2 protein chains.
Amino acid sequence: MTARQQIHLSDGRELFYFDDAPGKDRSAADLRGLPEVTNVSERRWDSLAGEWVVIAGHRQSRTFLPPADQCPLDPTRDADHLTEIPAHDYDVVVFENRFPSLSTSTPVESSLHGLFHIEPGQGRCEVVCFTSDHSGSFASLPVPRVRTVLDALINRTVELGRLDGVEYVFAFENRGEEIGVTLSHPHGQIYAYPFVPPRMERTRQSLREHHDATGECLQCNLLEAEHGDGVRIVEKGSHFTAYVPFAARWPYEVMIVPHRHVPDLPALDEAELAELAELYPAVLKRFDGLFDGPAPYIAGWQQAPVRFDRDLWHLALQVFSIRRAPGKLKYLAGSESGAAVWINDIAPEKAAAALRGETV
Amino acid sequence: MTARQQIHLSDGRELFYFDDAPGKDRSAADLRGLPEVTNVSERRWDSLAGEWVVIAGHRQSRTFLPPADQCPLDPTRDADHLTEIPAHDYDVVVFENRFPSLSTSTPVESSLHGLFHIEPGQGRCEVVCFTSDHSGSFASLPVPRVRTVLDALINRTVELGRLDGVEYVFAFENRGEEIGVTLSHPHGQIYAYPFVPPRMERTRQSLREHHDATGECLQCNLLEAEHGDGVRIVEKGSHFTAYVPFAARWPYEVMIVPHRHVPDLPALDEAELAELAELYPAVLKRFDGLFDGPAPYIAGWQQAPVRFDRDLWHLALQVFSIRRAPGKLKYLAGSESGAAVWINDIAPEKAAAALRGETV
C-alpha cells in the first residue's frame, strides 16, 4: 500500500514521497537555503496554426548533464552533496521542477493587442523519480515499485487537475541523451497545462466525430480491429493490449490501451493496475532489446482533459523510440518539422514483429 | 537568364540542369547502368489524429554520410567516381531521388478495411543541388546563383503541380548533421505530396476563418502588425520582410514574407525575385553568425495548395534552427513530440535582437 508524505523544499516548492509501504521516516529538511525563483512563463497564440506556444525564457540556464556524483535527483546521502531530495533514501519521489516551463506563480498578465495574444503560462511541472538508484531504469524496476510509480501518477493526476486553470495533466518519460534528456537518473515528468494540448485536442475531435457518427468509441473500435488483425500486436493481457498503431509515425511505436473504456489513470481498478505494472515495463524491455543498448524513448500518458469530454476519452499510453537502426536515429527534418508530414521508413507490421522478438 | 536542359539517368529518373546562363553542354550520359528501383510507398490514415502518415519501407538502406570523395551529388569529374550527376560540372541541378518517400510508380493499391485505410504514396521527391562545390553552402552562393536556384524551384513548382494526384509542392532545405542530413553537399529537396500537409492545412483553415471574419488576409495583417511592432523584425526590404514570429516555436525562427499577397514562388515578379536572392542568404548568414560555426537549420517554402484556396494563400518561407545555445540543441521530447505543445526557451524578441546582431 503506497504511503505518501509531503514536505516543502527550502524555496517553497512541494515535494511528495511515495513509498512502497508505510513506516519510513522522510522528514529530513532541505538544508540548501535556496532562494525563491520567479518563473516567467507565458503562452502565446499562434494565429496561423491556431495553437498555443509556451515561451519560458528563464530556462536556458538549467542543469545540463551534471557528473554522476552531482546528480540532483539522488537522495541526500551526505552533507557534502545536498540534492533536490532531502531524505537519505526514497522509493518514488515527486517534486515541483525548479525551472518549470509552466508556473502557478508566473507574473505574466493577459494581454491582447490585435493579433498578438498573451496569457500567463499558468500550470505546474513536476519531476517524478522512479528510484533512488541512479543507474537504474523504469523497465528494470521491481513490479511493486512500478505500482508505486503508477500510484504517484494517479495521485498527481487528481491533485493537479484540481488546480485553478489546469485543463490537462500529461505524465511522460523522456529517456536517453539522444532525445535531449539532461539528467540520466531514471525519472519522468508531469506537466499540468492551462489548455488541452494540440495533439490531444485533435484526438478529442476525432473521438467526438466518430462517436457522433457511430455511437461508439474510436479507441475501443481500433482496439477491436487490432485484435482482429493481430499482426501489429506486441503484448496482449487480460486488461491491456500493446500494439503498433496502423499508421505509426515513429520507427518503433506502441500504444498500450486498456480494454475497458476508462478516461484516465485514476479510473483504473486494482486488477488493471496490477497487470499494467507488469506489462508496461515488459514493453519497454522489448524496446531495449531491439538494438545496441538501452533504447532512447518517449512514453506519454494520453489521459482525458480535466474538465470536459471525459466520457468520450479512452486512456492510452504512447511509447515510441527515435532509433530506427543500430546507431541511426529518426530525425524530424523538413517534411516532419516544416510540413507536419511524418515519413516512417519501417512498416508497422515489421516493427511489431521486431518488438515481438521475431527475426525480420 | 536561367537555361534548362534535361536528361534521363540510367534507371529512367529525370534530371534537370539549370544553368546561370545558356551555352553549357550538359549532354553527358549516365554510365552507371543502374537497375530500376521499385519504390514501395503508401500513406495510411491516422484516424485518431485525422492525418495521413507516409510509410516508405524501402528507405532504410539509403546512403548515409558517405566520405567526401564518394559524394553522389558532386558532378562526375572522372570515370572512377560516377555520381548522380553525369556532367563534369553544373550550376544547379534537380533530379528525382533514387530512394524517394513518395513515388509516381508505387505498386501499392488503395484499400479500406473498416478503420484501416491505405492509399498509394503517390508523388515525387526531388533533390536540388545548389552548387557543384561540395564544401559550399546556400548562404555563400553568389546572388545570380541564388536566382538560378529560385528559378529551378519555380520551374519544379509549376511542373510537379501538373502531375496527376499532386496536391502540394513543398521545397525545403535541411542543413546540418544535427538534424539528420545524410549528405553534406549543399542541397535542398522538393516533395510533391498527394495531400495538403497537416501544417499547411491548419494554416489554410486559419486563413479561411480570418478571411471569412474580416475579409482580409491573416498573413497580410500579421505582416502589418509586425511592421507596427518592429521588435521582431530581422530584415526589411522593399518587397520582403524577415521577422521572428510572435509565437515562435523554435529557439531561432524567422518567417520571410513577401509584402504582396502572392500564392507561391511562380507568382513573384522580377523585382521581388531580385530582392529575395539577396535577402534570403542574408537571413541564413544571420543564423550562421549566432553561435559556433554553421547553424543547423530547416528552411521550407509554405506555398499555396496546388488545386484550391490559392487566392487565400500568402507565400512564406519559414527558417528555423534547432540550436538554442553554443553546443546545445532544442530537442523535441515529451511535450512537443508526445503532446504537440512547443516550449520555447528564448523570447522571440530576444531571438530577433540576436539575429540582428545586437548584444543580448
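User: Why is Val54(A) called buried?

Analyst: Its relative accessible area is 0%. Buried means under 20%. The value falls under that cut-off, so Val54(A) counts as buried. Keep in mind that this is a predicted model.

User: Where does Val54(A) sit, and what does the residue touch?

Analyst: Val54(A) belongs to strand 4 of chain A. Its contacts beyond four places in sequence include Ser41(A), Phe195(A), Trp342(B) and Ile343(B). Contact means heavy atoms within 4.5 Å.

User: What makes strand 4 of chain A and strand 18 of chain B a pair?

Analyst: Pairing needs at least two bridges. Strand 4 (residues 51-55) of chain A and strand 18 of chain B have two bridges, and they run parallel. The count therefore meets the requirement. Within strand 18 of chain B, Ile343(B) stands opposite Val54(A).

User: Which strands are the edges of this sheet, and why are they called edges?

Analyst: The sheet is open and has five strands, in the order 6(A)-7(A)-3(A)-4(A)-18(B), with mixed pairing. Strand 6 (111-113) of chain A and strand 18 (343-344) of chain B are the edge strands. Each of them pairs on one side only.

User: How do you know that the two chains are related by a two-fold axis?

Analyst: Superpose chain B on chain A. The rotation is 180 degrees, the shift along its axis is 0.0 Å, and the RMSD is 0.0 Å. That is the relation of a two-fold axis. In chain B, Leu332(B) has the C-alpha nearest the axis, at 4.4 Å.

User: What shows that the same surface serves both copies?

Analyst: Of the contact residues of chain B, 100% recur in chain A.

User: Now chain B. Why is His185(B) called buried?

Analyst: The relative accessible area of His185(B) is 1%. The cut-off is under 20%, so His185(B) is buried. This residue is in the loop between strand 9 (168-175) and strand 10 (187-193) of chain B.

User: How do you know that His185(B) makes polar contacts?

Analyst: A polar contact needs a pair of N or O atoms within 3.5 Å. The side chains of His185(B) and Asp74(B) are joined at 3.0 Å. The side chain of Tyr90(B) makes another such contact, at 3.1 Å. Both values lie within the limit. Among the other residues that His185(B) touches are Cys71(B), Thr131(B) and His134(B).

User: Why is strand 8 of chain B called largely enclosed?

Analyst: Six of the six residues in strand 8 (residues 124-129) of chain B are buried, so the rest of the structure largely encloses this strand. Both faces are covered. Arg124(B), Glu126(B) and Val128(B) lie on one side, while Cys125(B), Val127(B) and Cys129(B) lie on the other. In a regular strand the side chains alternate between the two faces of the sheet.

User: Which strands pair with strand 8 of chain B, and how many bridges do they have?

Analyst: Strand 5 (residues 92-96) of chain B pairs with strand 8 in the antiparallel sense, over four bridges. Strand 10 of chain B is also antiparallel to strand 8, and six bridges join them. Both counts meet the requirement of at least two. Glu96(B) is bridged to Glu126(B) of strand 8. Cys125(B) has Tyr191(B) of strand 10 as its bridge partner.

User: What makes strand 14 of chain B largely enclosed?

Analyst: Strand 14 (residues 297-302) of chain B has six of six residues buried, so the rest of the structure largely encloses it. One face carries Tyr297(B), Ala299(B) and Trp301(B), and the other carries Ile298(B), Gly300(B) and Gln302(B). Four bridges join strand 14 to strand 9 of chain B, in the antiparallel sense. Asn174(B) is the partner of Ile298(B) there. Strand 15 (residues 316-321) of chain B is also antiparallel to strand 14, over six bridges. Gln318(B) of strand 15 stands opposite Gly300(B).

User: How do helix 1 and helix 4 of chain A cross?

Analyst: The axes of helix 1 (residues 143-161) and helix 4 (residues 270-288) of chain A come within 9 Å and cross at roughly 115 degrees. The crossing is right-handed. Residues making the contact include Leu150(A) and Ile154(A) of helix 1 of chain A, and Leu273(A) and Pro281(A) of helix 4 of chain A.

Conventions: Residues are numbered from 1 along each chain as its sequence is written. Chains are lettered from A and ligands numbered from 1 in the order in which they are written. This is a predicted model: local features need pLDDT of at least 70, side-chain atom pairs count only at pLDDT 80 or more; totals for chains, interfaces and linings use all residues. Side-chain values use heavy atoms; hydrogens and water are left out. Copies are superposed by least squares on the C-alpha atoms of residues with pLDDT of at least 70 in both. Buried means under 20% relative accessible area, exposed over 50%, partly exposed in between (1.4 Å probe, protein chains only). A polar contact is a pair of N or O atoms within 3.5 Å; within protein, one must be able to donate a hydrogen and the other to accept it, and residues adjacent in sequence count only if both atoms are side-chain atoms. Axes are lines fitted to C-alpha atoms, for helices over the stretch in contact, and angles run from 0 to 180 degrees between N-to-C directions. A crossing is left-handed if the near helix is turned anticlockwise from the far one by less than a right angle, and right-handed if clockwise.
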